[in-house]
Amino acid sequence: MSASPRPLHLSVALEHPRPAARADRPDRTDRYDAAHFVRLARLAERGVLDFVTLGDSLTRPGLDALAVLARVAPETERIGLVPAVTTTHTEPFHVSTAVSTLDWVSRGRAGWQAAVSTTEAEAALFGRRAAEPPAAAWREAGEAADVAARLWDSWEDGAEIRDRATGRFVDRDRLHYVDFAGTHFSVRGPSTVPRPPQGHPVTVVDATGETAGAERAVREVAAAYADVALVRAADPQTAGAVRAELRELARAHGRDPGQLVVLASLPVELHCSGDAVGLAELLGDWYADGAADGFHLRFADPGRDLALLVDGTVPVLQHRCLLRRFYPGATLREHLGLPRPANRYALAREAS
């Protein structure tokens, strides 16, 4: 078979989709063990996967996803790291600095998956306001993504001088106030963290998530701000239709639709190596049908299923020339074939 001109992208979720704990089924403790996630991320890296995601919420027990992947970063070399970050009840300034720090710690391998909070129980943890309807929460998430990108640009490349002789740490002409005033918040800036290695860490949005009543709002956010959109679908026709819709929406927002990577997000359970081979056939068929640019796999048991994927599914995809055998670069954007964004303030200064 001839080599594919565009290898598919492959990523996995590291969290275990556990039901509520019961007396006869005690809660597993690996959610409190960062070393567990280090092992899984290293395994995914051995399979040359693009990135791993780690879910989170304001009420679910367990470690903070962003902090866990910051722990994973120095123990890995190439795999992209994408924690879920809730934008509701949090400040976009803090979101942007935390994700920027992860990009620095990982040397350019960070992303973040925007998430929202819509329950009164979660709102009560903060006591600042009542829960918002899902569509409103996602519109706020869109503003947060917009502000984060502006804050990442608030330091131009080369703004750090670090000249001991003159005592100058930064070039103030290359620092910028973002002066954002939106519906949900106002942010002046600049950031307290220099521009990340990738310029902008990769923004991921689940465009067909489980937030009922917000489908249109979620897809608008994905089309306007996401670098990667996840699409949950039961068949390739549905996935392909959503992919086409997202790309048209991206075009309507003035974006190059080719710069939006759309991944089909599929639940997966493997019991044996035969299932792993069958999964490779399934992914190859969906990809050939144009359903997606690649896949995001949500395992029933990551500790078991990821090993079967890496040792069974990945070699078959590589043999079919559908999956690369080595990383093409060092950053997550390079893995995904996405350019490093130009700095909006530097462009404006050069144009003036």
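Biologist: Among contacts in the protein between residues at least 6 apart in sequence, what share joins residues at least 24 apart?
Modeller: The model is a predicted one, and a contact here means heavy atoms within 4.5 Å. Taking the contacts between residues at least 6 apart in sequence, the share that joins residues at least 24 apart is 76%.

Biologist: How many helices and strands does the protein have, and what is its radius of gyration?
Modeller: The protein holds eleven helices and twelve strands. For 352 residues the globule rule gives 20 Å, and the value for the protein is close to this, so the protein is as compact as a globular protein of that length, with a radius of gyration of 20 Å.

Biologist: What percentage of the 352 residues in the protein is buried?
Modeller: The C-alpha trace spans about 65 × 50 × 45 Å along its principal axes, and the accessible surface comes to about 15,600 Å², of which 53% belongs to carbon and sulfur atoms. With buried meaning under 20% relative accessible area, the buried part of the 352 residues is 54%.

Biologist: Which residues lie nearest the centre of the largest pocket?
Modeller: The largest pocket holds about 1,200 Å³ of space, and its lining divides into 18 nonpolar, 15 polar and ten charged residues. Strands that each supply at least two residues of this lining include E2 (51-54), E10 (228-232) and E12 (294-299). Of the 43 lining residues, those nearest the centre are Glu15, Gly55, Asp56, Arg60 and Arg232.

Biologist: Which helix gives the most to the lining of the second largest pocket?
Modeller: The second largest pocket has a volume of about 500 Å³, and its 22 lining residues include His200, Tyr225, Asp227, Arg255 and Pro341, which lie nearest its centre. By class, the lining has twelve nonpolar, four polar and six charged residues. Helices H5 (134-153), H6 (215-225) and H11 (344-351) each supply at least two residues, and the one that gives the most, with four residues, is H5.

Biologist: Is His296 buried or exposed?
Modeller: His296 lies in strand E12, where, leaving out residues up to four places away in sequence, His296 touches Ser11, Val12, Ala13, Thr53, Leu230, Leu263, Ala264, Ser265 and Leu266. Because its relative accessibility is 3%, His296 counts as buried.

Biologist: What is the relative accessibility of Asp293?
Modeller: Asp293 sits in the loop between helix H8 (273-288) and E12. Apart from neighbours within four places in sequence, the residues in contact with Asp293 include Leu8, His9, Arg243, Arg247 and Tyr287. Asp293 counts as buried, since its relative accessibility is 11%.

Biologist: Where is Pro190, and what is omega for the peptide bond that joins Gly189 and Pro190?
Modeller: Pro190 has its place in the loop between strand E8 (186-187) and strand E9 (202-206). The bond joining Gly189 and Pro190 is a cis peptide bond, with omega about -5°.

Biologist: Val48 has a positive phi in a residue other than glycine; is Val48 buried or exposed?
Modeller: Phi of Val48 is near 60°, and this residue is found in the loop between helix H1 (34-46) and E2. At 8% relative accessibility, Val48 counts as buried.

Definitions and conventions. Residues are numbered from 1 along each chain as its sequence is written. This is a predicted model: local features need pLDDT of at least 70, side-chain atom pairs count only at pLDDT 80 or more; totals for chains, interfaces and linings use all residues. Side-chain values use heavy atoms; hydrogens and water are left out. On a 1 Å grid over the protein atoms alone, a cavity is a set of points where a 1.4 Å probe fits but cannot get out, and a pocket is an open set with protein on both sides within 12 Å along at least five of seven lines; lining residues have an atom within 4 Å of a point. Grid points are joined across faces, edges and corners, and a volume is the space filled by probe spheres set on the points. Ala, Val, Leu, Ile, Met, Phe, Trp, Tyr, Cys and Pro count as nonpolar, Asp, Glu, Lys and Arg as charged, and the others, Gly among them, as polar. The radius of gyration is taken over C-alpha atoms; the globule rule is 2.2 Å times the number of residues to the power 0.38. Buried means under 20% relative accessible area, exposed over 50%, partly exposed in between (1.4 Å probe, protein chains only). Accessible areas come from the Shrake-Rupley method with a 1.4 Å probe; for residues, only the protein chains shown count as cover.
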